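Please open the structure in your viewer and keep the selection tool at hand.

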Amino acid sequence: MCIEALTLSPVWTNAIHLHSYMLQDVFGSLCAVLVFATVFFAPGYVVAYITDLFQFRKMALAERSLWAIACSFCISPITAYLIGRSAGLSAIGVLLVGCTLAAILLMVQKSARQGLSRRERIVTLLVVCGWISFVLLMLVDFQIGHKLFFTVAMADESYRIAFIDAVVRTGIPPANPLYFAGAPAPMHYYYFWYVLCAAIVDIAHVTARQAYIASCIWAGFGLLVTVKLYGTHFFRWERKQRWIALSLLLVSGIDIVPAVGQAILQPALNGDIEWWSVDPIDAWPDSLLWVPHHVASVLCCLLAFLFLWRTLESLPRNTKRSCVVVAALACASAVGLSVYVAIGFALLMLAWLIWLLLKRQPQRKELWLRAISAATIAAIVLVPFLWELAGTLLHPTGVAANSAAAPSTHLFILSVRRMIDSGLLTDLPIFASLNQSHPVLLDQTIRLLLLLPGLAMELGLYGAVLVFLLFAKHRREPMSKDAARDTALFFAVCGLVMSMFLSSSVISNNDFGYRAVMLPQFFLMLLAANVLGSWWVPGSVPVIAIRPGHRRWLYSLLALGIASFFYGAFLLRAWLPMEVTRPQNGFSDLPADSYQVREAFAVLDRVAPGNAVVNFDPIDRTIGQKTEVMTPDEYFQRMLVMDTGRQMLNAERICATHFGGNPSECAAIQNATTQLYAMPAPSAQWAQGYCSRFGVQYLLISHRDPAWESDTGWPLTLPVVAQEPGLRIVQCKQ
């Protein structure tokens with residue numbers, strides 16, 4: 001049965017000029033930010049109040065808000081998944097609205113004691129407004145007339161928006177929106193974040209794009225809250241030192257050094273400061289813009305650890321039990337947000353618990369018992385989701401259909417992280433013979449030699465702090481005993497070793513290394529705040545000696561880290577306007593293309609049913625292309641993925657069966673699609689036969705397709721649904 005056509009632009013945006021997509025996205029995202037409080041504030045507030053977690057009812061409003069957000073990040077993802085899977089997306093909305101009403105009633109009953117000074121309230125408000133403004137500046141397309149200037153973050157954002165839209169259209173579990181082999185196929189992926197965003201789309205009637213942008217903002221709020229809670233309850237810092245830790249979130253490594261060099265030597269400009277490295281360690285702002293779901297998984301893991309850590313305190317038995325349960329739900333949420341982060345956290349926790357046994361820590365048995373209890377509860381509530389993921393392992397041919405897949409059949413392999421491209425040296429004539437006889441040995445050796453220079457540039461200030469602390473411990477220099485600092489140092493070192501030498505091998509990208517490194521990265525940030533705070537806060541005992549050499553190194557790296565942040569933000573926003581001025585690079589048509597794509601699909605939204613299948617000629621990375629700079633055709637393909645808003649026949653030329661679907665149809669779809677868009681264009685009858693064969697209702701053709709220049713055939717004879725100067729959508733099947 002045909003469902004009603006979906007209108008992606010909400011009713012309330014009719015007050016905004018129809019073609020002002022920038023304003024629509026700004027106001028829609030701000031609306032979604034407010035509504036996201038039903039996800040990341042209200043549920044945690046209600047749970048913490050009912051359990052009286054850490055004497056929650058006696059806390060001031062500021063402290064209650066922190067724990068409410070923390071608890072919500074822990075419980076909302078897994079709860080939304082379980083309810084949505086059994087009762088549908090609308091049931092999630094009902095629960096969230098109910099929690100919000102309950103939270104409001106509970107807050108009204110409490111005293112109005114703020115817990116913050118007037119100055120702190122002003123600073124907090126500035127931080128919140130500043131972060132919202134930054135995300136909107138980075139992710140909302142700038143509009144100038146009939147041109148939309150996007151940032152390179154759109155490359156990943158496009159897929160995430162398509163996944164959110166899939167949850168809205170098809171429910172939980174969602175269908176893979178990127179591949180259609182005759183029928184929708186359940187998506188084999190970690191998608192809890194997209195369920196939360198889809199709930200906001202359902203409640204607030206915003207678009208998937210606007211919900212995603214708002215989710216990036218809330219992921220940042222969650223990170224700020226987690227840093228604040230660690231500063232208060234892990235390190236036991238004073239307020240000034242906690243603000244130092246929060247400020248360090250804007251300090252990256254010294255990426256500006258290689259990035260500027262690359263900008264000078266490379267013909268096309270990289271749109272992200274991190275792209276100088278093959279396997280980068282992204283700064284926190286970059287991670288929040290590109291992969292908010294992975295950051296949210298990191299936060300769940302960190303909060304689970306913090307809850308377990310606090311059971312070492314003298315707390316009532318019921319509170320400790322509540323901590324274990326919340327930690328368990330946090331771990332379950334972490335798996336559904338990012339499997340790779342969760343696996344990395346499990347390995348680090350196992351190593352830490354073994355370390356406690358070796359150190360004969362007094363409460364080691366209790367911690368082991370609580371950790372095992374939390375893991376068991378998490379495994380039980382995750383059974384439905386783990387069964388879904390098992391489909392990927394039970395159907396490995398789906399992965400093999402992807403040409404980007406690695407040849408290994410294992411999830412992980414031991415391999416040195418490629419911080420700096422080893423090909424810069426292995427391709428030299430001096431290594432030609434060795435490259436022929438032992439290519440893997442040569443590659444791994446060169447990677448190992450380049451690992452430390454790459455880490456030095458990626459970590460910057462944080463790497464220097466780590467080295468100083470390790471040398472101080474090795475030399476047994478006077479240093480106050482601090483269990484929190486020793487634990488943070490353990491996680492930082494073990495986490496770096498893990499993410500430098502263990503790689504995921506399902507696809508060519510080392511997703512495990514990219515994401516799991518955020519765990520030690522967080523503790524490195526805390527250690528840097530610990531060192532700098534001990535220098536700057538009056539009355540503190542220096543963690544490491546304040547020597548002129550130490551001071552010069554750390555302050556220089558701090559300055560470079562701040563400069564890297566600002567250069568990265570400038571580069572992300574200014575990349576496309578700068579590339580447009582270089583017609584030889586081929587990017588000059590993209591702003592107009594972006595506007596035309598949104599216009600065309602806005603027309604399609606008004607006439608096409610939501611369950612229609614759309615097809616376009618997929619474009620993938622040029623074979624043999626080694627540079628990290630994406631081609632204009634690749635960006636155009638991501639526009640189509642992001643704005644289609646419906647099931648796509650095949651969004652990738654290699655077939656996106658790694659997200660779910662029957663790979664046996666892939667070759668037939670590929671061959672027929674190549675013929676459909678070739679010159680001369682086939683007839684309308686042939687195109688209609690193509691659509692009947694694969695279940696497609698609408699075909700899109702653009703000026704980038706060979707068949708666009710054809711003066712006969714289906715592009716000119718099939719009924720036109722939407723027409724733009726460089727793009728056309730036609731109907732090929734009722």
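In what follows, buried means under 20% relative accessible area. The model on display is a predicted one.

**Stop 1**

A disulfide is a covalent bond between the sulfur atoms of two cysteines. How many disulfides does the structure hold? It holds two. Select Cys655 and Cys666, which form a disulfide with their sulfur atoms 2.0 Å apart. This pair links distant parts of the chain, 11 residues apart: Cys655 belongs to the loop between strand S6 (647-648) and helix H29 (666-676), and Cys666 to helix H29. Looking along the bond, note that the S-S torsion of Cys655 and Cys666 is about 100°, so this disulfide is right-handed. Both Cys655 and Cys666 are buried.

**Stop 2: Cys691 and Cys732**

Next, select Cys691 and Cys732, whose sulfur atoms lie 1.9 Å apart in a disulfide. Here too distant parts of the chain are linked, 41 residues apart, with Cys691 in helix H30 (residues 684-694) and Cys732 in the segment after strand S9 (727-731). Is the disulfide of Cys691 and Cys732 right-handed or left-handed? The torsion about its S-S bond is about -105°, so the disulfide is left-handed. Cys691 has a relative accessible area of 0% and is therefore buried. Cys732, at 7% relative accessibility, also counts as buried. With the bonded cysteines of the protein numbered in sequence order, the pairing reads 1-2, 3-4.

**Stop 3: Cys99 and Cys197**

Now select Cys99, which takes part in no disulfide; the nearest cysteine sulfur is that of Cys71, 12 Å away. Cys99 counts as buried because its relative accessibility is 16%. Move on to Cys197, likewise in no disulfide, for which the nearest cysteine sulfur belongs to Cys216 at 8.0 Å. Cys197 is buried, with a relative accessible area of 0%.

**Stop 4: Arg447 and Asp443**

The tour now turns to charged side chains. Side chains of opposite charge can pair when their charged atoms come close. The count for this structure comes to 19 salt bridges. Select Arg447 and Asp443, whose side chains meet in a salt bridge at 2.9 Å, N to O. Arg447 and Asp443 are about one helical turn apart, because four residues separate their positions in helix H21 (residues 439-459). Arg447 is buried, with a relative accessible area of 15%, and Asp443 counts as buried at 18% relative accessibility.

**Stop 5: Arg704 and Asp593**

Select Arg704 and Asp593, where a salt bridge joins the two side chains at 2.8 Å, N to O. Arg704 lies in the loop between strand S7 (698-702) and helix H31 (714-717), and Asp593 in helix H27 (residues 590-607), so the pair ties together parts that are 111 residues apart in sequence. Asp593 counts as buried, its relative accessibility being 4%.

**Stop 6: Arg646 and Asp605**

Stay with helix H27 and select Asp605 together with Arg646, which lies in the loop between helix H28 (632-643) and S6; this pair links distant parts of the chain, 41 residues apart. Arg646 and Asp605 form a salt bridge, with the closest N and O atoms 2.8 Å apart. Are Arg646 and Asp605 buried or exposed? Both are buried.

**Stop 7: a network**

Finally, select Asp141, Arg209 and Asp643 together. These residues, Asp141, Arg209 and Asp643, are linked in a network of salt bridges.

Conventions: Residues are numbered from 1 along each chain as its sequence is written. This is a predicted model: local features need pLDDT of at least 70, side-chain atom pairs count only at pLDDT 80 or more; totals for chains, interfaces and linings use all residues. Side-chain values use heavy atoms; hydrogens and water are left out. A disulfide is a pair of cysteine sulfur atoms within 2.5 Å. Helices (H or I, at least four residues) and strands (E, at least two) are DSSP runs, numbered from the N terminus. Buried means under 20% relative accessible area, exposed over 50%, partly exposed in between (1.4 Å probe, protein chains only). A salt bridge is a side-chain nitrogen of Lys or Arg within 4 Å of a carboxyl oxygen of Asp or Glu.
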